[in-house]
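Welcome! Please have the sequence and the 3D view ready, and follow along one step at a time.

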Amino acid sequence: MTPAAATSSVGRVTDLSDNEAEVIIVGAGPVGLWLAAELRLAGVDTMVLERAAEPVPHPKALGLHARTLEQLALRGAVDAFLAGGVQVPAWHFGFLEQRLDLTRLDSPYPFLLSFPQDRTEALLQQRALDLGARIIRSQEVVGLDQDDTGVRLTTASGASLHAGWVVGADGAGSAVRRLTEIDFPGTDADVYAYLGDVHAEQPPPPGYGVQNERGALIVAPLPGGVIRVTGYDPENQEPGRREVTLTELSETATRITGADFGLHDPTWLTRFGNATRVAARYRQGRVLLAGDAAHMHFPAGGVGLNLGLQDATNLGWKLAAVAQDRAPATLLDTYGTERRPWALDVAEHTLAQTALITATTPTGQALRRLLSGLIGTLPDLSLTLARRLAGVDVRYPAAAGAHPLTGTSLTAGLELRDARPALVTAPGVQLPPPPGIRVVELPSLPGATAALIRPDGHVWWATSEQHPAAAAQQALASFNVRF
């Protein structure tokens, strides 16, 4: 109907002559691309619209935490990330001097994987394309109307598109969220950080970071001999200003650390604030939000991208089931019920980290020394904060009286490449496979004889009965989802 053409970044021309899809995702960042791939695993006709003509050339985020790596592994997609990334065994909380020991995490991936977001996006884009998603660039959504049968989108190019469901994965300034009139409560920015991706004649050693009465600076390596210099400069806190010059960055580094590292040839310079918001709801009728469209916060701890990718893993199998009439639409309400509390949790601890990063007064410096010392002397505190950043303690609500495993994540030794659930058993427990569900024996199943694992790796149901076949069948029937 509206043959507005766009060229994809992989050189393939895609047009809008076919303007229908079961699901349209707005936003071709990592969250939208991973969600598209999840939907395509179930065979859902999926279109991704992106207003930018090309992917962002610089990496916004730099790391993948343990829970995200577990979910990539669940789909058999982690190897390319591990092969191209750098494993970081300790990570900071609020730039405190004492780092958190990630090697103690109960995960197959007890580290932060340093992996630039632009490379993550490239891998996920290829995965989505390989699975059959349509990715159409240079299409900015400017209108949205929905009724009981579907959603109609209008783009700035004049295209009109129709989908059964729409997901806004279009960032903190989400057009989908605005057009759907979903509130985005929270706090405005009152702190501004600087960021520069630059070359350096005398780069500091890996893991270098300084926080003192003059401000904060931390350095992370990037591919191609580039380093990222970022932090907090109390002398440059003008609201709304995004520009950073190389001269300013060098002066800031010198003032805080005593050296400018010979910074030169920047590839990206910017400023950003600590505005912190979480959408009031994640679903409005046939429209849903994911990633930064649903939550924004200061990038302390490097958790934002991970939070969004985990949104997509939770939403993908549910939306696929509803779009294909294999589950009632009420299943989608559990997406917000399960994910929004974790966005609020991230908002809370990133605000706390912001307070630590900007604590330049004598009082603030004393607080930092105290907390850093406690992390160094109280291993349980270090592990608690590490689990918070890594996302490995994420669990979803369970009914009263449910087995303790219910709602927890159980992915070690398990692959669900087709995004279908599995019935897992402890060693020696025999179960006939229910229709459409495969049975997998795990080397260990803590405190249970059998458990039903959702496509996102979380435990749907578990039991300690010695003969669990009948209970498993009953539990599966109660979920009201067909696979």
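This is a predicted model: local features need pLDDT of at least 70, side-chain atom pairs count only at pLDDT 80 or more; totals for chains, interfaces and linings use all residues.

Residues are numbered from 1 along each chain as its sequence is written, and side-chain values use heavy atoms, with hydrogens and water left out.

Let us begin with the strands. Helices (H or I, at least four residues) and strands (E, at least two) are DSSP runs, numbered from the N terminus. Two strands count as paired if DSSP finds at least two bridges between them. Strands of a sheet pair through backbone hydrogen bonds, either parallel or antiparallel.

Find β5, β9 and β6, where 3 strands form an open antiparallel sheet in the order β5-β9-β6. At its edges stand β5 (63-64) and β6 (86-88), each with a single partner strand, so one side of each has no neighbour in the sheet. Between β5 and β9 (residues 112-114) there are 2 bridges, in the antiparallel sense. If you look at Gly63, you will find Ser114 of β9 opposite.

How many residues lie between β11 and β12 in their hairpin? There are 2. β12 also pairs with β13 (residues 160-168), again antiparallel, over 4 bridges.

Another open sheet of 3 antiparallel strands has the order β14-β20-β23. Its edges are β14 (186-187) and β23 (295-296), and each has a single partner strand, so one side of each is left without a neighbour in the sheet. β14 runs antiparallel to β20 (residues 276-278), and 2 bridges join them. Thr187 has Thr276 of β20 as its bridge partner.

Now for charges. Side chains of opposite charge can pair when their charged atoms come close. A salt bridge here is a side-chain nitrogen of Lys or Arg within 4 Å of a carboxyl oxygen of Asp or Glu. By this rule there are 19 salt bridges. One of them joins Arg277 and Asp188, whose closest N and O atoms are 2.2 Å apart. Arg277 lies in strand β20 and Asp188 in the loop between β14 and β15, so this pair ties together parts that are 89 residues apart in sequence.

Next, look inside. Rolling a probe the size of a water molecule over the atoms shows where empty space is left. A cavity is a set of points, on a 1 Å grid over the protein atoms alone, where a 1.4 Å probe fits but cannot get out; lining residues have an atom within 4 Å of a point. Grid points are joined across faces, edges and corners, and a volume is the space filled by probe spheres set on the points. The model has 4 cavities of 30 Å³ or more.

The largest cavity holds about 150 Å³ of space. It is lined by 15 residues, and the closest to its centre are Leu307, Gln310, Val346, Arg388 and Gly391. Two or more lining residues come from each of α7 (304-323), α8 (333-357) and α10 (379-390). Which element gives the most to this lining? That is α8, with 4 residues.

The second largest cavity holds about 60 Å³. β15 (192-200) and α6 (246-257) each supply at least two residues of its lining. Among the residues that line this second cavity are Tyr192, Asp233 and Arg271.

Leu367, Leu370, Leu374 and Leu378 make a nonpolar patch of about 330 Å². Patches are made of residues with over 30% relative accessible area and no salt bridge, with like charges joined within 9 Å and nonpolar side chains (Val, Leu, Ile, Met, Phe, Trp, Tyr) within 5 Å. Accessible areas come from the Shrake-Rupley method with a 1.4 Å probe, and for residues only the protein chains shown count as cover. Leu370 sits in helix α9 (residues 362-377).

Terms used. On a 1 Å grid over the protein atoms alone, a cavity is a set of points where a 1.4 Å probe fits but cannot get out, and a pocket is an open set with protein on both sides within 12 Å along at least five of seven lines; lining residues have an atom within 4 Å of a point.
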